[in-house]
Amino acid sequence: FLQTGEQVREAFPHPLLYDACQYMQVHWADEQLNVEAILKQVDASRSMLSALFKEHLGQSPLQYLNAIKLVHARTLLAGSIHTIAEVAVRCGLRDASYFSNWFRKQTGMTPSQFREGASRL
């Protein structure tokens, strides 16, 4: 997910969008990362950043952040021996119960179900 360089920056239609996405891709595991923190980092208003995300990425900043976390959560669940609680902490989510509910909302399955399916591949 983490991409750097001028070619990537040029591919983004707006510098604020690039900066916000780059910040999220670097800090995705920080439990304190939320839209307010991103707004402070890129010095933008909520409405401006939301409009940029919707227009160019078709999703909200929070949806984008959840997508990043989900990629990492799936990777950790499929390829590690970490407990669900450890994966939750590594993904910046407060506890295993919250993580399980969040993961199920994102994927339609529990982390355990995902892990079982991934182990069969």
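These are my notebook entries on a predicted model.

**Ground rules**

I number residues from 1 along each chain as its sequence is written.

**Entry: the overall fold**

I began with the secondary structure. I found 8 helices and 0 strands. Helices here are DSSP runs of H or I with at least four residues, strands are runs of E with at least two, and both are numbered from the N terminus. Along the sequence the pattern reads α-α-α-α-α-α-α-α.

Next I looked up burial. Of the 121 residues in the protein, 39% are buried. Buried stands for under 20% relative accessible area, exposed for over 50%, and partly exposed for what lies in between (1.4 Å probe, protein chains only).

Then I turned to contacts, meaning heavy atoms within 4.5 Å. I took those with a separation of 6 or more; residues 24 or more positions apart account for 52% of them.

**Entry: the nonpolar core**

I searched for a nonpolar core, a set of buried Ala, Val, Leu, Ile, Met, Phe, Trp, Tyr and Cys residues joined through side-chain atoms within 4.5 Å. Which members of the largest one touch the most other members? Among its 33 residues, they are Met24, Phe53, Phe99 and Phe103. At least two residues of this core come from each of H2 (15-27), H3, H4, H5, H6 (84-90), H7 and H8 (111-119). H5 gives the largest share, 7 residues.

I followed up on Phe99. Leaving out residues up to four places away in sequence, Phe99 touches Ala73, Leu77, Ile84, Val87, Ala88, Leu93 and Pro111.

**Entry: H5 against H7**

I checked how H5 and H7 (residues 96-107) pack. Their angle is about 105°, and their axes are 11 Å apart. Axes are lines fitted to C-alpha atoms, for helices over the stretch in contact, and angles run from 0 to 180 degrees between N-to-C directions. H5 is therefore roughly perpendicular to H7. Under 35 degrees counts as roughly parallel, over 145 as roughly antiparallel, 65 to 115 as roughly perpendicular, and the rest as oblique.

I listed the residues that meet. H5 brings Asn66, Lys69, Leu70, Ala73, Arg74 and Leu77, and H7 brings Phe99, Trp102, Phe103, Gln106 and Thr107. They divide into 6 nonpolar, 3 polar and 2 charged. Nonpolar covers Ala, Val, Leu, Ile, Met, Phe, Trp, Tyr, Cys and Pro; charged covers Asp, Glu, Lys and Arg; the others, Gly among them, are polar.

Is Lys69 buried or exposed? Lys69 is buried, at a relative accessible area of 4%. Lys69 sits in H5 (residues 61-79). Beyond four places in sequence, Lys69 touches Trp28, Asp30, Cys91, Gly92 and Trp102. Lys69 and Trp28 are 41 residues apart in sequence, yet 6.4 Å apart from C-alpha to C-alpha.

Asn66 also lies in H5. Asn66 is buried, with a relative accessible area of 15%. With neighbours within four places set aside, Asn66 contacts Trp102 and Gln106.

**Entry: the salt bridge**

How many salt bridges are there? I found 1 in the whole structure. The term needs a side-chain nitrogen of Lys or Arg within 4 Å of a carboxyl oxygen of Asp or Glu. Glu36 pairs with Arg46, with the closest N and O atoms 2.2 Å apart. Glu36 is in H3 (residues 35-42) and Arg46 in H4 (residues 46-57), so the pair ties together parts 10 residues apart in sequence. Side chains of opposite charge can pair when their charged atoms come close. Glu36 is partly exposed at 41% relative accessible area, and Arg46 is partly exposed at 43%.

**Entry: Asp43**

I stopped at the loop between H3 and H4, the place of Asp43. Phi of Asp43 is near 55°, a positive value in a residue other than glycine. Asp43 is exposed, at 70% relative accessibility.

**Entry: H8**

Ser112 lies in H8 and is partly exposed at 38% relative accessible area. From Ser112 to Thr83 I read 29 residues in sequence and 9.7 Å in space, C-alpha to C-alpha. Gly117 and Ala78 are 39 residues apart in sequence and 8.6 Å apart in space, C-alpha to C-alpha.

Note on methods:
This is a predicted model: local features need pLDDT of at least 70, side-chain atom pairs count only at pLDDT 80 or more; totals for chains, interfaces and linings use all residues. Side-chain values use heavy atoms; hydrogens and water are left out.
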